[in-house]
Structure formats: C-alpha cells, structure tokens
Amino acid sequence: MQVRELHDGTFVSQAMLVRSAELRRRRNGDEFLKLRVGDRTGTVTAILENQAALARTTCGAGTVAWVAGRYTYHERYGAQLNLESMRPADEGEYEITALRDGPARSFEQMDADLRELLSTIHNPHLSRLLELLLGEHSPTWRAYRVAPAAKHYHQAYRHGLLEHSLSVAQAVSAISATFGGIDREVAVAGALLHDIGKLDAYQMQGEAIEMSDDGRLYGEIALGYYRVRRAIEELDDFPTELEQAVLHIILSHHGTLEHGSPVVPCTREATLVHMIDNLGGKLGSFDRVEKGLASGERWSGFDKGVGAGAFFAGRAEPERRAA
C-alpha cells in the first residue's frame, strides 16, 4: 500500500525508504528508534522498540528497509507506524522510483522550461554567465540539475534545487513588469543563481541528504557567492555594476541577518528575489507537510517551515476505526 492509502489499524509489511533515523532513550533508559519512512506519496513517523541500536546501524537514513508493524492514528500525536520488525530490504523487493520523493514536474519539462527562460535573457554578460553555470554541457549544470534544495524543509529530494530555483525565477519574471524600476533580467539571473551554493553545502549519500563539511563551515550563501564570483572572474569585461547586482541578490536572499544573510536586500531586484524565494520555500513546506499527514487528515501540528499548523480544506476527515 502507498503511504497515502494507509488508515488507522492497517498492518504494514513492505519496503519503505528511510528518510531519517534517530536513536533515542526513554526516561527509564530503554532505547528506541524514531524514524521517518515513506514512499513517493508520503512520509510517516515510525517507532521501533526492539533492537533499536542494531536497526539504526543497518537501516539508517537513505536506505530502503522492509518494515512490519501497525499503522495507527492518535488524536494528539497524529499518524504513527509502530514497528514490530525492521531489516534492510533486498533489491528485488522494491522499485526505487516508487519510493523516492520528487518534483511534480518531470526533469525533462523543467529542463525545457529553464531553456525557454534563459532564451529571454538578452544582456550578453548575463547570458554568458548563465551559460557558463547552467549551460547544458557545463559541469555545474550536471550537479545543479540533480541537487536537492534542502535537507528537510522544502524540495528535499533529487531535482529539488532545479524545481525551486526555476519556480522562483519564473515567478520573478512574471511579476517584474508589475512594479516599476525592476531590471527583469538581473532579477531572473539572480533567482536562478541564488541557491547555487547548495551544490557545495549539501551532498547526497545514496538516498540520504547530508550537510557537507563546507556547508557546515561556510554556509550555502558564502559558497554560492564564491562560486558565482569565480565564474564572473572567468568572463572578460563583465561590468562591475552588473557583478554587484547579481552578487548582492545571492548575499541578501535570506532577507535578514538573523536568517543568515550577511546583508539585507538593498535593491529592488534583491528584494523581489528574497520575497519570492521565501514564498516558494513556504509553499514547498506545505507540500512536505501534506505528504506526512494521515489519509484524509486536514490539520497538521505546528511546523517550523510553515510557522503554524497547516490546514488543507480539500481533504476528507480521517478514518478513526481499524479496518
């Protein structure tokens, strides 16, 4: 059964992708394993009491595990899978594409949309910069097209960075004409490159997403700044004012010093990219939260990415009785 099909009382015995696994200890000293497991349709919290330490070693984040246990819905704690057993799944027991989370659009469609958007950049300097970094034969593009956008909060899956950056850039392009004084091409270029530091900040180990050493030491904004700055230095006669405009978008896109930006947005283009980036990340969090709800459940608990409990009006009331 797919995660979105599970209801209170369902007994589960099948392969699931382990998205996170944390060994915890109760007040009495007993160890248990708290996991997030799921497939492409959703994610659910799972608890394993027996041989938790061994399972943490053999079924860590990013692995595919064969899990067996009862799916329950608790009024206070929500959906939970109480596991009786857990082991590494054999290759013939699952199809990885059915377990991976991913974007709603195919990579081919996003690639085509990106190329179409790039064709609207007529400034020769910006066009050369984007070709150097996102051209179809660029080494950077090979990493950019598969990289995740985050470890947890939004688009934390393959092609997530492309999905997020493209959606931000498309929205920036569409809204630029609404407000006067915005250089659409600068804003679009900055939107496509604002999160490029995540290529160095995150690494995928199998199906698991982890922070790299550079990500922990420098942060994705600094890494993105230096990557784009180095690319600009490879281009002859790149205008100083244009360099400032693009790099300022990257440095300020988190919006505030408290959120990690070394400077706040000081241009129209940087302000627009920050606002749309924040919107895209927040809406991406709604997608993630909904995938973690029980079938028919309409309210989530408090979620840090959303900043509140999320409400999904179109979902039916959850089933409470065992099947």
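Select D183 and E185, at the start of helix α7. In this predicted model, a side-chain oxygen of D183 comes to within 3.1 Å of the backbone nitrogen of E185.

Now extend the selection to residues 184-193, the whole of α7. Is this helix enclosed or open? Nine of its ten residues are buried, so the rest of the structure largely encloses α7. Colour the buried ones: E185, V186, A187, V188, A189, G190, A191, L192 and L193.

Next, the aromatic rings. How many aromatic pairs does a search of the whole structure find? The search gives five. Y225 has 17% relative accessibility. The cut-off for buried is under 20%, so Y225 counts as buried.

Move on to W299 and F311. This pair is tilted: 4.8 Å centre to centre, 35° between the planes. Show the strands too. W299 belongs to β8 (residues 299-303) and F311 to β9 (residues 308-311), so the pair ties together parts twelve residues apart in sequence. F311 is partly exposed, at a relative accessible area of 35%.

Then select F107, W141 and Y144. Ring pairs join these three residues into a cluster. The charged end of R115 sits over the W141 ring, 4.5 Å from its centre.

Last stop: R26 and F32. Look at the face of the F32 ring. R26 lies over it, 4.1 Å from the ring centre.

Notes: Residues are numbered from 1 along each chain as its sequence is written. This is a predicted model: local features need pLDDT of at least 70, side-chain atom pairs count only at pLDDT 80 or more; totals for chains, interfaces and linings use all residues. Side-chain values use heavy atoms; hydrogens and water are left out. Buried means under 20% relative accessible area, exposed over 50%, partly exposed in between (1.4 Å probe, protein chains only). Helices (H or I, at least four residues) and strands (E, at least two) are DSSP runs, numbered from the N terminus. A polar contact is a pair of N or O atoms within 3.5 Å; within protein, one must be able to donate a hydrogen and the other to accept it, and residues adjacent in sequence count only if both atoms are side-chain atoms. Rings of Phe, Tyr and Trp (its six-membered ring) pair if their centres lie within 6.5 Å; planes under 30 degrees apart count as stacked, over 60 as edge-to-face and the rest as tilted. A charge sits over a ring if NZ of Lys or CZ of Arg is within 6 Å of the ring centre and within 35 degrees of the ring normal.
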